[in-house]
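Subject: Structure handover

Hello,

Here is the structure I said I would pass on. Please open it alongside this message; my notes follow below.

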Amino acid sequence: MVRLILVLGDQLSHDLSALQEAWPGDVVVMAEVADEAEYVPHHPKKLALIFAAMRHFADELRKLGRDVIYTRLDDPDNAGTIMGELLRRADETGAGEVIVTHPGEWRVIAALEEGPLPVRMLPDDRFLCSLQDFEAWAEGRREFRLEWFYREMRRKTGLMMEGDKPAGGKWNFDHDNRKRAAHDLFGPGPIRFAPDAVTREVMDLVAARFGDSFGDLHPFWFGVTRGEALRALDHFIAHALPGFGDVQDAMLTGDRFLNHSVLSIYLNIGLLSPLEVCQRVEAAWQAGDVPINAAEGFIRQVIGWREFVRGIYFREGPDYVTRNALGHDRALPAAFWGGETRMECLRAAVEQTREEAYAHHIQRLMVTGNFALLAGADPGAVHEWYLAVYADAFEWVEAPNTLGMSQFADGGVVGSKPYAASGNYINRMSDYCGSCAYDVKARPGPGACPLNPLYWHFIDRHRARFVGNPRMATVYRTWERMPEARRTAILAQGEAILRRLEAGEVV
Ligand SMILES: Cc1cc2nc3c(=O)[nH]c(=O)nc-3n(C[C@H](O)[C@H](O)[C@H](O)COP(=O)(O)OP(=O)(O)OC[C@H]3O[C@@H](n4cnc5c(N)ncnc54)[C@H](O)[C@@H]3O)c2cc1C
Ligand code: SF4
């Protein structure tokens with residue numbers, strides 16, 4: 001009997017488990033559906049990336065002799081949902097079973113499991129840690145900490161290992177990676193690709209259907225094939241990797257990418273595999289082309305954080321995205337959708353996000369994420385924003401980063417303390433404050449940086465939860481040592497800013 005091999009938009013890997021399982025006669029089904037395109041208002045660049053990469057991948061499969069049925073978004077008979085498309089194709093072909101690689105989102109898993117067709121889900125072995133292995137690692141632990149998981153992954157993959165010892169004698173070289181970027185530093189930037197005819201057709205479709213969504217479609221420079229993704233990897237290793245570690249936490253107005261790889265967009269849709277990327281980085285270090293802190297720092301993000309957050313997302317279950325441990329419920333400030341703001345750090349991060357569908361980790365965590373946290377924004381709304389605006393956003397990776405690491409909405413599953421920071425941190429790690437309407441060093445008052453009173457307001461209002469956390473002891477000591485009159489003034493200013501945000505005023 002014919003079987004349908006469903007390939008989703010983030011499963012564009014020729015060695016995908018579902019494709020490996022296909023027999024001659026099976027039909028590959030790929031579909032651009034409104035349900036997936038519209039469940040959050042995705043950035044037009046993200047939609048163009050996924051649809052263009054899907055169309056190129058379908059062409060490659062056909063060239064390899066696969067039987068592919070592809071549904072375009074503007075197909076008049078498009079059923080609008082993945083299940084609807086599967087039912088239509090099952091009717092046409094007489095197929096009695098669907099085979100799919102484990103999707104990266106609980107919502108999609110539920111839709112497939114609850115539908116009328118028998119669906120067989122295969123493990124997604126593009127990841128280095130299976131869900132069973134993560135479960136075994138997590139079992140019996142009181143807390144999940146990246147560092148321990150990461151060491152296991154180093155041992156398991158053998159990456160940068162000398163026998164059973166970490167190369168260079170240390171597991172982690174982060175100590176060398178906290179440098180501020182020089183003002184005149186300009187990273188090489190990611191490689192840019194010109195859209196071909198297939199991509200241009202997708203762009204016209206996206207412009208017509210989603211042109212009003214937040215985000216600029218032009219210029220579109222993402223790669224959309226495996227060949228292009230491999231060129232992006234070569235470019236990163238040759239040009240940006242050597243300086244990757246040094247300025248990993250820095251932010252510069254004039255350089256949106258610094259030495260970041262901008263490879264998540266390719267990794268997350270399957271055009272690159274995490275293992276091949278890490279092996280290439282390891283080889284560059286072995287060849288003496290990159291320093292150890294750069295290679296180790298990069299590999300830790302990929303085999304550490306990337307695998308860790310996926311394990312957490314699936315272990316915690318479908319309700320993870322509804323968690324709100326801090327009880328935050330304010331609307332997301334309009335500045336996140338391009339509304340006016342006088343805060344230069346926020347303006348710069350949002351503008352870059354609108355234009356590129358990309359911001360690097362520290363911008364996501366310490367600018368937009370930090371401001372949403374201090375402003376007490378509803379974590380569900382914050383989660384939807386991140387899922388919508390970044391080209392690399394898929395729930396398995398976005399949700400633990402947003403709800404866990406950034407908003408502490410999971411109560412400490414991903415991180416042992418909230419990533420909350422005052423303006424001083426941003427001033428130390430960026431050049432934003434120099435051109436801001438606010439003064440980062442001023443005492444409470446109308447011209448003072450809003451992040452400072454908001455930070456202390458956050459610390460004070462969540463005292464009961466965090467005061468006993470050893471990692472926050474210094475913060476509470478500093479707060480409690482301040483003269484009471486000063487604390488009162490700071491809290492009053494923080495409260496006033498929160499009221500202004502609630503009233504929708506420009507901050
Ligand atoms: C609030 C918030 C939301 C985020 N949402 C996403 C998301 O939707 N998709 C996504 O891929 N990453 C997300 N991240 C993690 C990280 O910011 C991005 O992976 C990174 O910025 C991608 O850019 P890059 O490829 O240039 O990364 P680089 O700095 O070059 O890092 C190399 C690679 O390491 C991996 N990586 C690094 N940090 C993380 C992390 N914390 N979690 C998982 N993988 C990581 C990525 O695959 C990345 O490509 C989020 C982080 C925060 C704080
Ligand atoms: S002064 Fe405050 S608001 Fe302005 S850029 Fe610096 S940290 Fe951001």
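Not counting residues up to four places away in sequence, which residues does Q20 touch? Under that condition, Q20 touches H14 and D15. Please keep in mind that this is a predicted model.

Q20 sits in helix 1, which covers residues 17-20. Q20 counts as exposed because its relative accessible area is 55%, and the cut-off for exposed is over 50%. Between the C-alpha atoms of Q20 and I5 there are 9.9 Å, and these two residues are 15 apart along the chain.

The largest nonpolar core has 160 residues, and the members that touch the most others are L12, M30, L241, L263, Y266, F298 and I459. There is also a second, separate core of 18 residues, with L8, V27, I69 and V98 among them. Leaving aside neighbours within four places in sequence, L12 has contacts that include V7, M30, A53, F57, R126 and I269.

Two helices are worth a look as a pair. Helix 4 (residues 82-93) and helix 5 (residues 106-114) have axes that come within 9 Å and cross at roughly 35°. The crossing is right-handed. Helix 4 contributes I82, M83 and L86 to the contact, while helix 5 contributes V108, A111 and L112. Of these contact residues, six are nonpolar, with no polar and no charged ones.

Some backbone details follow. H218 and P219 are joined by a cis peptide bond, with omega about -10°. P219 is in the loop between helix 8 (197-210) and helix 9 (226-240).

M160 is not a glycine, yet it has a positive phi of about 50°. M160 lies in the loop between helix 7 (146-157) and strand 6 (161-162). Is M160 buried or exposed? M160 is buried, because its relative accessible area is 1% and buried means under 20%.

A357 also has a positive phi, near 55°, and is a residue other than glycine. The loop that holds A357 runs between helix 13 and helix 14 (361-374). A357 is buried too, with a relative accessible area of 2%.

The residues around ligand 2 include M343, E344, C345, G423, Y432, C433, C436 and C449. Helix 13 (344-356) and helix 17 (423-429) are the elements that give two or more residues to this shell. By type, the shell around ligand 2 has ten nonpolar residues, one polar and one charged.

Regards

Key. Residues are numbered from 1 along each chain as its sequence is written. Chains are lettered from A and ligands numbered from 1 in the order in which they are written. This is a predicted model: local features need pLDDT of at least 70, side-chain atom pairs count only at pLDDT 80 or more; totals for chains, interfaces and linings use all residues. Side-chain values use heavy atoms; hydrogens and water are left out. A residue is near a molecule or strand if one of its heavy atoms lies within 4 Å of it. Helices (H or I, at least four residues) and strands (E, at least two) are DSSP runs, numbered from the N terminus. Ala, Val, Leu, Ile, Met, Phe, Trp, Tyr, Cys and Pro count as nonpolar, Asp, Glu, Lys and Arg as charged, and the others, Gly among them, as polar. A nonpolar core is a set of buried Ala, Val, Leu, Ile, Met, Phe, Trp, Tyr and Cys residues joined through side-chain atoms within 4.5 Å. Buried means under 20% relative accessible area, exposed over 50%, partly exposed in between (1.4 Å probe, protein chains only). Contact means heavy atoms within 4.5 Å. Axes are lines fitted to C-alpha atoms, for helices over the stretch in contact, and angles run from 0 to 180 degrees between N-to-C directions. A crossing is left-handed if the near helix is turned anticlockwise from the far one by less than a right angle, and right-handed if clockwise.
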